[in-house]
Amino acid sequence: MGEEGTEGTVHLLCLAASSGVPLFCRSSRGGTPARQQLPFSVIGSLNGVHMFGQNLEVQLSSARTKDTTVVWKSFHDSITLIVLSSEEDTLELRLDRLLQMVFGAMVLLVGLEELTNIRNVERLKKELRTSYRLIDSFLRDSELIGDLTQCVDCVVPPEGSLLQPCLGSPRLWARPSSAWLCLAVWWQQQRAGGGWGPRRPCCFPG
């Protein structure tokens, strides 16, 4: 199921949990959106093994092959999301968080009632198109992963000391929008916005 080449591929599948009907499939390759779609037989097999486990009261949450990681997640017994990733060093926890964000985007743009009480599959497919752009943004390659890890993104440049004079302006740190800025040199806090305060020291790995 892995892809040839060095660029990892991510496939995101959304299905109606009760019928197994695919609602959409989004893909990215090398961090950019791709038009590649999985064969229906692969989609059916992935959903089938998940439903088989449910019938036996076994919750299948993730699986890993030599080059692909797969994570399943059901929401409100109505929507099943499946993500396959051939990206190197992919963690199941990160993919699980990705599925939560995707469902949140669907709820935001379509509504929870429409997702939990599916009356017309074809109509729902059309309504879900409004969420494609937001969902695709989750699949893009980015060095900032705070939205997936629910932690603060830290950027540690190799020449951090060169930034210190530029960031020393009191006006920069006084702005409300920069309350959570923090400058560290050699893992030592040099300057920090008012949001950190004395009780919120910067913590960095040793």
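Colleague: Which residue lies over the face of Tyr132?
Modeller: This is a predicted model, in which local features need pLDDT of at least 70, side-chain atom pairs count only at pLDDT 80 or more, and totals for chains, interfaces and linings use all residues. Residues are numbered from 1 along each chain as its sequence is written, and side-chain values use heavy atoms, leaving out hydrogens and water. A charge sits over a ring if NZ of Lys or CZ of Arg is within 6 Å of the ring centre and within 35 degrees of the ring normal. At 4.2 Å from the ring centre of Tyr132, the residue is Arg26.

Colleague: Why is the pair of Phe24 and Tyr132 classed as it is?
Modeller: Rings of Phe, Tyr and Trp (its six-membered ring) pair if their centres lie within 6.5 Å; planes under 30 degrees apart are stacked, over 60 edge-to-face, the rest tilted. Here the centres are 5.6 Å apart and the planes at 65°, so the pair of Phe24 and Tyr132 is edge-to-face.

Colleague: Is Phe24 buried or exposed?
Modeller: Buried means under 20% relative accessible area, exposed over 50%, partly exposed in between (1.4 Å probe, protein chains only). Phe24 has a relative accessible area of 5%, so Phe24 is buried.

Colleague: How are the rings of Phe75 and Phe103 arranged?
Modeller: Both residues are buried. Their centres are 4.2 Å apart with 5° between the planes, and the pair is stacked.

Colleague: What is the average pLDDT of the chain?
Modeller: pLDDT is the predictor's confidence in each residue, from 0 to 100. At least 70 is scored by 64% of the residues, and the chain average is 77.
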